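This report describes a single protein chain.

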Amino acid sequence: MDWSKAKSILIVVMLLLNVFLFALISFYISNQGISRETISNTIEILKGRGVAVETEIPRYSSDTPSLICENGGYDRETIAAKLLGFVPSGGIGDGDVLEKDGKKLVFRESSFFVYTDTAPSDEVEIEDLESTKSYIGKFLDRLGINAANYKLDSYVRNPDGSCTFMFTEKYRNFLVYDNSIKLTASQKGITYLESRHRKIKGFAAGSMRIMPAYQVLLKNFGEGDENVVITGIDIGFKGYIKEEDNMQQFSQGPAWRVTTSNGDIRYFKASDGEEIN
């Protein structure tokens, strides 16, 4: 056996293992650097301001890059053919209203469309959440929308027995808040679909420092927020730059999302905690 060669291989393996362990420990430290005492103190301070926190405050604080997206996220012809059964010979422009047999489809812009159906004819086990989610996934997949990339954010049962679902796209363990689907399903099928999507290109080259969630809460929840109950806090990406008509690529920055018990959702830049209006 060539002991010299075996020794060299062993050294390389050990070096790679050390690099991996260092990266893993660094990641753990960066996410655990905010103490439990800091979180507890934050909750008490907010309580003194009349704000209750009924969810875990994330301790994420790692430097994070922006997300690069571009327009043109939908195949209009495919969607029209699947939903309406026809494609206009002259193409489909922004704002064009396509209608057939109680169904209506409108592309508001290249990355946003709305569909309604007054008389769907499928069969949906609307009382069974998992069965309904499976039906929705297959419905979206037929339109060229990869349902597996979306996370169910919330759903409500409506007085008429239908359910309204909110889905948000997930990318590398982050939510992309502007890529969302709002959908209402009844026992007969989909009655309403609103979908916004920009194609994700990947992360930007540089990263920015992240203001921890507890600091964002302390900065933004105070006078005027009495009796507010915070029920959800998470981090993702949101476009908060002013867009021009001719822009093809867009930067979506890291953002904290805070949800309250009355259904209000507020977004804050994760770089400095400023609220996104």
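## A charged pair and its surroundings

In this predicted model, arginine 196 is partly exposed, at a relative accessible area of 34% (buried means under 20%, exposed over 50% and partly exposed in between, with a 1.4 Å probe and protein chains only). Its salt-bridge partner is glutamate 194, with 3.7 Å between the closest N and O atoms; a salt bridge requires a side-chain nitrogen of Lys or Arg within 4 Å of a carboxyl oxygen of Asp or Glu. Glutamate 194 is buried, at 18%.

Both residues touch serine 180 (contact: heavy atoms within 4.5 Å). Serine 180 belongs to strand S8, residues 174–186, and is buried at 14%. Strands (E, at least two residues) and helices (H or I, at least four) are DSSP runs numbered from the N terminus.

## Other salt bridges

The structure holds 9 salt bridges. In one of them, arginine 257 meets aspartate 234 at 2.8 Å, N to O. Arginine 257 lies in strand S12 and aspartate 234 in strand S11, so the pair ties together parts 23 residues apart in sequence. Salt bridges with shared partners join Asp153, Asp234 and Arg257 into one network.

## Chain and confidence

The chain has 5 helices and 14 strands, and 40% of its 277 residues are buried. Mean pLDDT (the predictor's confidence in each residue, from 0 to 100) is 87, but pLDDT stays under 50 over residues 17–31.

Residues are numbered from 1 along each chain as its sequence is written, and side-chain values use heavy atoms, leaving out hydrogens and water. Local features need pLDDT of at least 70 and side-chain atom pairs 80 or more, whereas totals for chains, interfaces and linings use all residues.

How values were computed:
Lists of a residue's contacts leave out its neighbours within four places in sequence.
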